[in-house]
Amino acid sequence: GHLPEEIRNKVKNHPCYSEEAHHYFARMHVAVAPACNIQCHYCNRKYDCANESRPGVVSEVLTPDQAVKKTKAVAAAIPQMSVLGIAGPGDPLANPQRTFETFRMLSEQAPDIKLCVSTNGLALPDCVDELAKHNIDHVTITINCVDPDVGARIYPWIYWNNKRVFGRKAAKILIEQQQKGLEMLVARGILVKVNSVMIPGVNDEHLKEVSRIVKEKGAFLHNVMPLISEAEHGTFYGIMGQRGPEPEELQDLQDACAGDMNMMRHCRQCRADAVGLLGEDRGEEFTLDKIDAMD
Ligand code: SF4
Ligand code: SF4
């Protein structure tokens with residue numbers, strides 16, 4: 001179906017959610033979150049979190065102070081800058097002090113910038129109050145499954161209550177936390193987008209079920225992204241040779257999950273330190289040494 005008017009209004013100047021806006025408004029990510037609380041088989045920790053980030057070059061991790069300074073410098077240089085996201089390089093909510101300190105300072109010092117965050121969802125239920133306090137515009141949860149048997153093939157372990165939990169049991173906890181977090185955000189009126197990584201032979205068919213459930217619970221967009229499998233990134237999935245989807249396979253699955261959600265197809269899986277209009281990356285203009293020199 002179509003997006004309700006109130007959501008359409010909320011996202012109309014957001015570069016990631018509106019086909020029109022992404023030509024006129026810019027976004028940036030600040031990489032303040034190095035740690036992660038789960039392991040995805042497709043993650044290669046040498047690169048950025050695959051929640052939203054294309055495996056590429058490692059982001060420089062910034063302190064909250066550096067991130068605020070960078071955001072202000074970018075906003076001064078790129079007047080279309082409307083959205084600041086925290087998406088890695090690990091999981092933002094596994095680094096709550098760093099992530100929330102950044103949001104707190106920005107909502108005080110740059111109140112016109114919309115804030116967003118993406119997460120694997122494990123720590124989400126514990127963070128909903130804090131997210132609501134900082135006036136977070138929307139949250140992206142990466143949900144790759146709703147069935148622990150599928151999950152056990154995607155996540156070897158999670159870090160939970162100070163211990164490592166493995167296999168199906170780990171996947172079950174992660175799935176429950178993701179679904180609970182999604183429900184809590186929707187209940188607070190915070191917009192939720194769901195990202196899924198399509199892994200051929202593992203969760204491709206299953207993602208139709210994921211799509212149905214997350215939309216039913218109130219996610220406003222479901223974005224199916226391809227597993228990016230490139231030989232030079234070595235072992236995905238614990239074994240060599242897990243392939244990413246062919247373009248037609250991805251297209252077919254996106255069609256099956258679409259509804260009005262096809263507006264998300266221009267998502268570029270930006271890096272955790274991306275800067276600029278979608279499709280451009282001006283991150284090199286705002287590296288740590290350049291920001292530190294901006295006093
Ligand atoms: Fe890697 Fe992101 Fe998965 Fe954490 S959530 S293991 S950083 S892909
Ligand atoms: Fe927008 Fe997708 Fe890039 Fe995030 S990764 S900033 S949703 S285009």
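Biologist: Glu 205 first. Buried or exposed?
Modeller: Glu 205 is exposed, at 56% relative accessible area. Exposed means over 50%, buried under 20%, and partly exposed in between, with a 1.4 Å probe and protein chains only. This is a predicted model, where local features need pLDDT of at least 70 and side-chain atom pairs count only at pLDDT 80 or more, while totals for chains, interfaces and linings use all residues. Residues are numbered from 1 along each chain as its sequence is written, chains are lettered from A and ligands numbered from 1 in the order written, and side-chain values use heavy atoms, without hydrogens and water.

Biologist: Which side chain does Glu 205 meet in a salt bridge?
Modeller: Lys 208, at 3.3 Å from N to O. A salt bridge here is a side-chain nitrogen of Lys or Arg within 4 Å of a carboxyl oxygen of Asp or Glu. Lys 208 is partly exposed, at 37%.

Biologist: How many salt bridges does the structure hold?
Modeller: Ten. Some share partners: Glu 101, Arg 104 and Glu 108 are joined into one network. Within it, the closest N and O atoms of Arg 104 and Glu 101 are 3.1 Å apart.

Biologist: Where do Arg 104 and Glu 101 lie?
Modeller: Both are in helix H3 (residues 96-109), three residues apart, about one turn. An α-helix has 3.6 residues a turn, so residues three or four places apart point the same way. Helices (H or I, at least four residues) and strands (E, at least two) are DSSP runs, numbered from the N terminus. Arg 104 is partly exposed at 33%, and Glu 101 is partly exposed at 30%.

Biologist: What does Arg 168 pair with?
Modeller: Asp 149, at 2.8 Å from N to O. Arg 168 sits in H6 (residues 167-188) and Asp 149 in H5 (residues 148-151), so the pair ties together parts 19 residues apart in sequence. Arg 168 has 43% relative accessible area, and Asp 149 has 44%.

Biologist: New topic. How many residues of strand E5 are buried?
Modeller: Five of the five, residues 138-142, so the rest of the structure largely encloses E5. His 138, Thr 140 and Thr 142 point one way, Val 139 and Ile 141 the other.

Biologist: Which strands run parallel to E5?
Modeller: E4 (residues 114-119) does, joined to E5 by four bridges. E8 (residues 191-198) does too, with five bridges. Strands pair if DSSP finds at least two bridges between them. Val 117 stands opposite Val 139, and Ile 141 opposite Val 194 in E8.

Biologist: And what about helix H8?
Modeller: In H8 (residues 247-256), Leu 250, Leu 253 and Gln 254 are buried. They cover an arc of only 100 degrees around the axis, which puts them on the same side of H8. The arc is that of the directions from the helix axis to the C-beta atoms. Glu 248 and Asp 252 are exposed, on the face turned away from the buried side.

Biologist: What covers the buried residues of H8?
Modeller: The cover includes E8, helix H7 (207-216) and strand E9 (221-226).

Biologist: Now the whole chain. How many helices and strands are there?
Modeller: Nine helices and ten strands. Buried residues make up 58% of the 295 residues. Take contacts (heavy atoms within 4.5 Å). Among those between residues at least 6 apart in sequence, 76% join residues at least 24 apart.
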